[in-house]
Structure formats: structure tokens, C-alpha cells
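Here are my notes on the charged pairs, jotted down as I went through the model. Have a look at the structure first, then read on.

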There are 4 protein chains.
Amino acid sequence: MKTPNPARRSERSRQAILGAAFDLVAESGYARLTIEAIAARAGVGKQTIYRWWPSKGAVFVDAFLSRTSDEEGNLALPDTGDLRADLRLVLRAIVDEYNDPGLDTMSRALIVESLNDPAINTEITARIMEPHLEATRERLRGAQRAGQVAEDADLGVAVELLYGPVYHRWILRTAPLTHEYADTVVEFVLGALRVTQAPR
Amino acid sequence: MKTPNPARRSERSRQAILGAAFDLVAESGYARLTIEAIAARAGVGKQTIYRWWPSKGAVFVDAFLSRTSDEEGNLALPDTGDLRADLRLVLRAIVDEYNDPGLDTMSRALIVESLNDPAINTEITARIMEPHLEATRERLRGAQRAGQVAEDADLGVAVELLYGPVYHRWILRTAPLTHEYADTVVEFVLGALRVTQAPR
Amino acid sequence: MKTPNPARRSERSRQAILGAAFDLVAESGYARLTIEAIAARAGVGKQTIYRWWPSKGAVFVDAFLSRTSDEEGNLALPDTGDLRADLRLVLRAIVDEYNDPGLDTMSRALIVESLNDPAINTEITARIMEPHLEATRERLRGAQRAGQVAEDADLGVAVELLYGPVYHRWILRTAPLTHEYADTVVEFVLGALRVTQAPR
Amino acid sequence: MKTPNPARRSERSRQAILGAAFDLVAESGYARLTIEAIAARAGVGKQTIYRWWPSKGAVFVDAFLSRTSDEEGNLALPDTGDLRADLRLVLRAIVDEYNDPGLDTMSRALIVESLNDPAINTEITARIMEPHLEATRERLRGAQRAGQVAEDADLGVAVELLYGPVYHRWILRTAPLTHEYADTVVEFVLGALRVTQAPR
DNA sequence: AATTAACCGAGACGGTACGTCACGTCTTTTA
DNA sequence: TAAAAGACGTGACGTACCGTCTCGGTTAATT
């Protein structure tokens, strides 16, 4: 097993592969994605894919990231000073994303790969979820500094309190994801953050 | 397309198939589960599987349920009158389940199938998740009647506030799932439930 | 590795595979023959070929035999009493076969496979060459009984003396294979066998 | 299409390639010989092979010749005056060569390439077989001049009568190649040539 | 009790995709 | 500017499973 030399890598092929993978998932869903189809669509040999990616899932994660990373330059949450308004805004936006059929399909595919492959799980968490969570934590930190949030509140858990319910409902489809729902979650979270002490 | 007659179904084969499916997932993971392997292990013709189940995922869901349904007769949460203690108990139990390698593997497999196949999603939600959520909702309703929880609190969302964060952390593996973490979430939820008013 | 059950074998597929293999060699030569092409042309899954034949060469040998075995019912050489005439006839016929482009291609392919694969060599020798050599030996035995051939002549070597030169020239293409050449070889062989009759 | 300049050719690479090709065939047989393996073993770029040889077979023929040409400076047959003895000597030597596993493998590989590729067939015939046949023809010519062989005997065919049977038996493996067999063939040939000397 | 329909095990079949190998071409870097 | 190194598009390999389709051979339930 040789390790290929990245300096000699064909950028043209890389782009074509990522583009083909992304488009194929958009058209037929992730379950029907095959390496052969990616190679055919990209006009590329299968070996070129196997040379640079360890699995189909890894290709797709890369494809997803290269398509979405452009816009996500600024992950920072708005800080209008009104925490309630800012959180509503971001949670409603997330609800909208999950309600977009295209993004919904992609995101579910990402979760599936993440569940099947620890390496991909690590990458997705690090490159997609963590930055997002950190941006939200940062916003809460600001509110904490402004005295709007209890000083001893664990903000790492707080962001999960915010996103977890939406995530849970999205994956399990237990009920529709609406703006109203987002607002309700925000109210609960705001209530939780005003708690100043935890026994024991 | 014939519809087979359930009366003539071989119970022996049904058991063998479910057992084989369960064991194979336990041994090699859900991703490596194949119909052929189930049939071979169960000493059964492939057609017998295709006759009674629409997909590999459906077999596995059945297998999972038939193995776990024994114990789950009593889903009701304890009601000691101490809501904090009761919620901690149940959330710590869930954390323990997710930390059990066997159950972890099975549960992730269930989620994967659920994400890939709407029919299975419906079944899993209805047969596994909903009963559990409802039991928790029932416990909160009791607390609400006892005046420990704000009267206007949306308990459907409240249970998601409780389980969502754990679920989020479990799937994404953003951080370890500990009893301490469970307790922290419970504190937040208790704080949220004491909020008596929601603006707008 | 399971051994398949010949009773369940599809005769239709077998025929289609042999036909496709034969036609493909006739069209493009043996070097360009592939299992994939045979499967595609025969409308058959590749596995069906791998299930019943150990190699591409084995398929081709079978194909060749099933196409030629019809005519070869009577391998016996003519016995007009005139050994010279009979041997000329058979050696000229062989020269004609080697000069037929189709048969030439097929026969060279057979030799190549025979050289590469001992199992195929055994089969070709036993099923194609030996019967032919034996028929010729039988004719010489008759002549020996009739006193036209020296009593102590080793007829097994004699038939090689007859066919070997033609074979040598055919494979190495050292010179053209003509009827005249065949006749010359026959004369030498008759001389070697101490046959005293005058030529022409 | 550039024609490379032979003056700039690397002698070191040429030697390494021929050596690698020869050794690889000796180790694993001709069927498993690949250009990639030759290049790797020789520490040479694949292009260097493609630049100077038209095919894998051509490399091997060159490799074979460069390994064997050293010894074959003198192809001339012995001429002791005793034709029987001289022919026995040369035919027994050939039988010995075919019975040597290494030479057997190489020679079969040569025949395979010769059958597959007319260009190689021409080269092998001209550079290996023809010189040998001509040397034998020359010996027979001497015998003819000495009155030991019929004046009108076609010596071109006569040498095929000598080598053809051995060749036939070697390729088809119809029976073992022994010295006794060689002697028997010689006797037949001497008979065919009307040589009158008594055997032994 | 004999008949008959179904389910059953077994596994061959036409397919699709896998991941690998080697081909012959092409490009970059080194000497 | 040939040579080494090796990435590339291509195509075939042999394997794993898919879901469908016969085959006998048990079972039931019906005659």
C-alpha cells in the first residue's frame, strides 16, 4: 500500500468528484450513491477516488463541506443585546434548514455516515457541529457577562438544551418542526438559564 | 403478487431469523448485516425472509423489539413525589444504556434505519420512542397537578428538553455521557419548568 | 466455497455462454475475450460463469468442443488399402484446416490455453488430440497387419512423425503449409515405415 | 509520436529491465509477468519500458535472448561422420532442455507470445528457431554430399521430420520426452532419408 | 386417510457494485 | 532531454449480495 503524493493530485478531478457526489445525492438520495456512479459522472477512474478518500461517506462529507463552506464564513450569532430575539432567530433558521427538503436529505445522510463510521463522526462533529455550537456558546457567554444569564450556568450544556430538542424532533419526526416550536424551546431555555443555583 | 397466509407461518423460522439477525448485529455491526447471512445463520431460505419482511431493516427492528420487549413491560417512571430525584434516575439510566456497547450499537443501527426508511422511522417512533416519551410526559403531568410545574408549561416540549440534549450528545459524540451530565440537564429542565409565563 | 448442484444448472445459460464465447473469439480473437463480454453477450450474470467453469480458457475449450464435436463423430481414417493415398488425404485435410483463418485462430487459442494451464492441457490432449492420434494409429496398425509397414515400427512415434512436422511448421510459421508439403511429409513417413509401394 | 534517440539510451536501465523480466518469469511464470512489476523490480519508470519496447512480449524475448545468446555462439552440429550418432546427440540435448523446468517454462512462454503476436513470432522464428534449423540442415547437407542421404531428399522438410515429433510431444504432453524417444525418432528419420548404415 | 395447497430449505439465476490490478498515457521533478 | 516516479482514465478482474425464481419435501387443512 503506497501513500500517494498530494503534490501531484489533480485538482480538476477532485472538484469533479465532489461535484458529482453532491449532485448525485441531491438527485437520488444518499442511499443510492455509489462510487461507480460518482466516477462515471465525474469522468474519473474509480481508483482516483479510492486513492484519495477512504470511503464513500468521506467523499460525501467533503462534497457537502465544499459546497456549504463558502457561505458559512460567518458563523457568529447576532448579538442585538436581546438574547431572546437572537436565540429565536437562530433556532428558527435551523428549523427552516431542516424543513428544506434538499438540506434535510443531505443532513440525514451526514448523520447516517456519522453513525456508521467513527472517523466521519469525528470529522463532522469537528468541522460542522462544533463551530456552530461554539458560536452559540460565545453568544451565551456575552449574555452571561451582561448579567442576563446565571454566572454558574454550564453553557456547554446550555447550547445542547437549545439544539437538542430540535435535533431530537427532527431525527425522530415525532412532531412537525415549526417556528412556534422553536420559540417554545427558546422560552424553556431562557427559563433554565435564569436558574442561579443547582443543589448538590 | 401473493399475500402469504400468516396462519401457516413457521414460528420456528420466525424465531430463528430474529435471533440470527440480532446476533449478527451484535457480532459484526449493523452495516455488515446481510439477508444472506441471516438466512444462512438461521438455517432458512432467503425467500422466507422476503416473504414476511419488506426489508433488512424491518427484520432488525423486529429482532430488536422481540429481544427487548420482555423487560419493557413497565415503562412508567417512578413517582416518589420528588421530581428531581425521579428525573435524575431516568436520565442516568438512559445514559447508562447509551454507554453499554451492545445497546449503543443496536440503537445507532436503529437510528440509521430510521433515517433511511420512513416506514421504519414511523414504526420505531411509535413502538419505541413514543411510549417512552409518553411515560415521561405522564410523570410531568403528575408533577404539574401537584403544583411543582408551571401550569401552562408545554409538557410535550418539556420531555424533548429533557431527552434532546442527551440524544444530541450521544449521536454526535461531542462529549462523554456521564451521570453528572444527566444531573446537569435535569437541573436545567427543572429550572425551565418553574418558569410560569411566556411573553408574546 | 460451495460446490454447486449440477442438477439445478440452467441448460439455456450453458448454451448461451458457450455460444457467446465461441462467437466472440471468432469475431475478435481469443486475446480480446473477456468473461464480462461473454456474460453480457450471453445475457447471463458473471457469477453463472464462475460457478461452472474455473477459468476463461475452460469456457473456451468447452465452447470449441461443443461446436466441433457434432462433426467428429467419425474420426476413423479412410482405409482404401492404399496407405499413401489415405495418409495424404488426412494430412492435406489438416493443412486445409490450419489454413482456414477461423480454425487457425481457434486452434492457436487452444494451444495458448494449453500452454498456460495444465488442467486445460490435459483436457485438450485427451478430448481433441488423443482421439485423433489413436485413429491414425489404428490405420497404421491395419497397414502393419497387411504387411505394408515394418512389424517392429513404433506406431505411437510414427503418428508423431506424421503430424509433428506439420504442427511445427504451423506454430512457428517457418514456411507455408501446402498440399505439396503434406505429400512430402507423407513420403518421408512411408520411407521411415519401410513401405515399399511406388508413389503416384 | 516521438522516436527516441537510441544514443541517449541508458544501458543501465536496459540491463535492469531485461534482468527483471527474466527473473520474474523464472519466479512466477510468464502469465503473471506485468510491465508494472518489471518496472518496479528494475527500479525504472514504466515509460522507459514503453519507450523502447512495443510490448511485454518483446521485452521478454529480448530478455530471453540476452540471457541465452552467450552460450549459443556455436550452433553448428557436431560432424563426426556418424550421422546417427550426431543426430542422437542433438535430439537428446533438446529433450534435456525441454525437461529442464526453467527452460521449459521459458520456452512455453516464448511459444505463447509467438502465437499471440505475429511480430514476435517472426522474431522468435528468425532469431531462435531458424538458426537452429539451418545448422541442422547444414549437417544433413554434409551427409548428403557424403552420399549418406538420398540426393533428392528435401532437407528443409527433413529437419522438421526430426524436430517436429519432439516439439509436438513437448507442447501437447501426450507422453514423456526421453532419450529413448529421441533415438526412436532418429531411427525413423534415418529410415526416411534412406540412410543405409546399421544402428548401434 | 388421501389429497392438495402452502410454506419451507436450498440455492441457481440475472444483476449491480464492490475494491483491486494492470494497462498505456501523461506530467512533474531530478540529474 | 532521458529517466524515475507515479497520478491519471480505462476496463476487466473475481467476489459479495441483491431480490426473483424454480425445485423437491414436509406440513396443514380440506376432501
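1. First, the term: a salt bridge here is a side-chain nitrogen of Lys or Arg within 4 Å of a carboxyl oxygen of Asp or Glu. By that rule, A:Arg84 pairs with A:Glu187, with 2.8 Å between the closest N and O atoms. The two sit 103 residues apart in chain A, in helix α5 (residues 83-99) and helix α9 (residues 179-193) respectively. Helices are DSSP runs of H or I, at least four residues, numbered from the N terminus.

2. A caveat: this is a predicted model, where local features need pLDDT of at least 70 and side-chain atom pairs pLDDT 80 or more, while totals for chains, interfaces and linings use all residues. Residues are numbered from 1 along each chain as written, chains are lettered from A in the order written, and side-chain values use heavy atoms, leaving out hydrogens and water.

3. How exposed is that pair? A:Arg84 is partly exposed because its relative accessibility is 23%, whereas A:Glu187, at 12%, counts as buried. (Buried means under 20% relative accessible area, exposed over 50%, partly exposed in between, using a 1.4 Å probe and protein chains only.)

4. Helix α5 of chain A also holds A:Asp86, 53 residues from A:Arg139 in helix α7 (residues 118-145).

5. Chain D has a local case: D:Asp104 and D:Arg108 bridge at 3.0 Å. They are about one helical turn apart, because 4 residues separate them in helix α6 (residues 101-116). D:Asp104 is buried at 14%, as is D:Arg108 at 6%.

6. Also worth a look: A:Glu130, A:Glu134, A:Arg137, A:Glu138, A:Arg141 and A:Arg145 are joined in a salt-bridge network. Over all chains, the search finds 75 salt bridges.
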